[in-house]
Amino acid sequence: MASANFVKLNASSSPWIGQRSFSQRSGSPAVTRVSVIRAGSYSEELVKTAKTIASPGRGILAIDESNATCGKRLASIGLDNTEANRQAYRQLLLTTPGLGQYISGSILFEETLFQSTTDGKKMVDCLREQNIVPGIKVDKGLVPLPGSNNESWCQGLDGLASRSAEYYKQGARFAKWRTVVSIPCGPSALAVKEAAWGLARYAAISQDNGLVPIVEPEILLDGDHSIDTTLEVAKRVWSEAFYYLAENNVLFEGILLKPSMVTPGADHKEKADPETVAKYTLTMLKRRVPPAVPGIMFLSGGQSEMEATLNLHAMNQSPNPWHVSFSYARALQNSVLKAWQGRPENVEAAQKALLTRAKANSLAQLGKYSTEGESDDAKKGMFVKGYTY
């Protein structure tokens, strides 16, 4: 079977990208084929958007939970899962005064992207007014992967181009696609390849329609494995991911990554301190992620609010090749829900709680975070086994 390797050159300043591929049949001299591929018409805009999101002291607020998952959040404070309640909660988040000082982008669920506030203002306009880039969750969720070790694959490629075009018209400028890898289930070579290939196809389609793709192969915390095991799996997953991103001619300067931090499994007997998590995570990233990528926006993955912030802070104690920041959902929202309790009179207190967490992570991105004044609630873990969006 022929083998193929290639070198891809990303040139954001030019509409042309050169690709050189090398193919050799057994027993024959190497044959070099050179082709020129026209980059998408959105190349310059993609690079600009990615850089805006990856701006100093800012990160991403993820509020893209499906209606079912948002319903679980609302149920935790005694609210029914209705569109009006989801609207009220997300309006609270997106209209928080001063949010843009710490938040550069917000990932929305489709309902919210097309929704307006109770005053009639579009949710996306609430974000734009604070220089926050609107984003959109585009995958259609996880389903069982046939032929695997009880693993999953992410669906949603069918119709993605037309949906992405509509999202762009509505004001979205970046996208998110979450797939998962389970260490207790292997992971199998099939699951890793499927995750990487799906992410690459999604990324190419997103860029073709003006959306900066967030590449997110989440390595689940489930399991009792060591941090060394997580490191080896992460290296394997990101190696596959970048291979297929390049195969699909994805512009690296126009993407963002949303990796899991390299930690032990949630059930492992020994927990890792922030310095250890930072060392392992940055080691993995430096071995796998090209410096052309503008931003690494970590997911919290069920860590406590304070743990996620401390780990991010530890990773920003020395310069990195990329902007190292956050794309948190639970680690930004947990305190907000508890402060709000679904009551209109608590909106201001809930927004203050959001700003507190956003500012803490902003300081962590700058390497200046301190635990002084943190509440006991911020220290409580939020890991849920088999968590789904």
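Which residues of α3 are buried? In this predicted model, the buried residues of α3 are Arg-86, Gln-87, Tyr-89, Arg-90, Gln-91, Leu-92, Leu-93 and Leu-94. The helix covers residues 83-94 and has twelve residues. From its first C-alpha to its last, α3 reaches 16 Å. That value is close to the 16 Å expected at 1.5 Å a residue.

A pair of helices, α10 and α12, was examined next. Helix α10 spans residues 305-315, and helix α12 spans residues 347-365. Their axes come within 7 Å and cross at roughly 20°. Angles under 35 degrees count as roughly parallel. The two helices are therefore roughly parallel to each other. The crossing of α10 past α12 is right-handed. On the α10 side, the contact involves Glu-305, Met-306, Thr-309, Leu-312 and His-313. These residues meet Arg-357, Ala-360, Asn-361, Ala-364 and Gln-365 in α12. By type, the residues of this contact divide into four nonpolar, four polar and two charged.

Attention then turned to a loop residue. Gly-265 lies in the loop between β11 (256-257) and α9 (274-288). Its relative accessible area is 2%. Buried means under 20%, so Gly-265 is buried. Which residues does Gly-265 contact, leaving aside its neighbours within four places in sequence? They are Leu-221, Gly-223, His-225 and Lys-271. Thr-229 is 36 residues from Gly-265 along the chain. The C-alpha atoms of Gly-265 and Thr-229 are separated by 9.0 Å.

How values were computed: Residues numbered from 1 in each chain as written. Predicted model: local features only at pLDDT ≥ 70, side-chain atom pairs only at ≥ 80, totals over all residues. Heavy atoms only, no water. Axes fitted to C-alpha atoms, helices over the stretch in contact; angles between N-to-C directions. Helix = DSSP H or I, 4+ residues; strand = E, 2+ residues; numbered from the N terminus. Parallel < 35°, antiparallel > 145°, perpendicular 65-115°, else oblique. Left-handed = near helix turned anticlockwise from the far one by under 90°. Contact = heavy atoms within 4.5 Å. Nonpolar A, V, L, I, M, F, W, Y, C, P; charged D, E, K, R; others polar. Buried < 20%, exposed > 50% of the residue type's maximum accessible area, 1.4 Å probe, protein only. Expected span 1.5 Å × (residues − 1).
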